[in-house]
Amino acid sequence: MSMPEKVTVCEVCPRDGWQNHPISIPTDMKIHYIKEMVKCGAGKMEITSFVNPKYVPQMSDAGEVFAGVRQFLKENNVVSYALALNRRGVEDAREAGFEHVEFVLSASEEHNLRNSRRTIRESLEIFKNLAKEADDLHIILAMPCIFGSPFGDEVPLDRVKWLIDEAESVGVEEFGIADTAGISNPENTRNILREIRKYTDMSKVSLHMHDTYGMGLANVYVALEEGITMVDASLGGMGGCPFVPGAKGNIAMEDLIYMLHHIGIKTDYDLERLNLTAKQMGADISANITSCQSAVCRMAS
């Protein structure tokens, strides 16, 4: 397949990037850098998650953060998302003013139990009921561990089809698929995407890859060849799942944009500004920025 002319890249640093950062990030700092990410070109952004602060304390100020950026995001036509694991999370996101909510349902039984303390079937029933009721929300089904489980349990392709079919039966029109532990490789990624393409439109599917073994960009390249046009990335390569031991960060936004622009694929991002913003953010929040592009920027400054 030919490569797409343009790719929509969702900035996930404010949620997935910061969620397991060991140093508490002040609310006003989060608000500042969300606005800076928009100035870098982000038109689609995962802002926060409405989850139990006991397990993810970095997200305890979810409502305050969104209140601080909501008008700015609206003025700049940014599509903003919140993540939820259950009905309470969806209701809290709605109350905060979100119109787009990602409901997380893992394709790995073990990961779903650790992440939401429910079986896949239990989570699916909650999700389907929410999707049928939520006329005022755009509900996205976000599915971790599509490309394999870090816990060794099997993730059958039939299960992936079943989850997507069930979601489509209640009107869901967007899916996020993730390599949560960063354990996929280009051949595995291609094979799974080709199966998914047999029963759903790839324009509905966004890709979320982690870079645990340095395979993130290679996996994205293959996904672009297979029809993916929506990809997630995190400023500075920050992130990782708190419930997956050893899961390193997301693909660095700067590195992804560098690759896309240099193979002729358009985005709305300013690479130079991304590099400078990542460098400054790393200093301000004491983060270990893993982006190769930002490392180049540091050496040049």
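How are H10 and H11 oriented relative to each other, roughly parallel or roughly antiparallel? In this predicted model, the axes of helix H10, which covers residues 253–262, and helix H11, which covers residues 271–285, come within 9 Å and cross at roughly 165°. Angles over 145 degrees count as roughly antiparallel, and H10 and H11 are therefore roughly antiparallel to each other.

The crossing in which H10 passes H11 is left-handed. On the H10 side, the residues that take part are Met253, Glu254, Ile257 and Tyr258, and they meet Leu271, Leu274, Asn275 and Ala278 of H11.

Just after H9 comes Gly227, whose phi is positive, at about 105°.

| Residue | Relative accessible area | Class |
|---|---|---|
| Ser108 | 0% | buried |
| Ser123 | 1% | buried |
| Gly171 | 49% | partly exposed |

Ser108 has its place in the loop between strand S4 (100–104) and helix H5 (109–116). Buried means under 20% relative accessible area, and Ser108, at 0%, is therefore buried. When residues up to four places away in sequence are not counted, Ser108 touches Ile120, Pro144, Cys145, Ser149, Phe151, Asp153, Val155 and Arg159.

Ser123, by contrast, is found within a helix, namely H6, which runs over residues 120–133. With a relative accessibility of 1%, Ser123 also counts as buried. Its side chain makes a polar contact of 3.0 Å with the side chain of Asn112, and Asn112 is among the residues that Ser123 touches, together with Phe103, Leu105, Ser116 and Arg118, again without counting residues up to four places away in sequence.

Gly171 lies in the loop between helix H7 (157–169) and S6. Its relative accessible area of 49% makes Gly171 partly exposed. The C-alpha atom of Gly171 is separated by 31 Å from that of Trp18, and these two residues are 153 residues apart along the chain.

Note on methods:
Residues are numbered from 1 along each chain as its sequence is written. This is a predicted model: local features need pLDDT of at least 70, side-chain atom pairs count only at pLDDT 80 or more; totals for chains, interfaces and linings use all residues. Side-chain values use heavy atoms; hydrogens and water are left out. Axes are lines fitted to C-alpha atoms, for helices over the stretch in contact, and angles run from 0 to 180 degrees between N-to-C directions. Helices (H or I, at least four residues) and strands (E, at least two) are DSSP runs, numbered from the N terminus. Angles under 35 degrees count as roughly parallel, over 145 as roughly antiparallel, 65 to 115 as roughly perpendicular and the rest as oblique. A crossing is left-handed if the near helix is turned anticlockwise from the far one by less than a right angle, and right-handed if clockwise. Contact means heavy atoms within 4.5 Å. Buried means under 20% relative accessible area, exposed over 50%, partly exposed in between (1.4 Å probe, protein chains only). A polar contact is a pair of N or O atoms within 3.5 Å; within protein, one must be able to donate a hydrogen and the other to accept it, and residues adjacent in sequence count only if both atoms are side-chain atoms.
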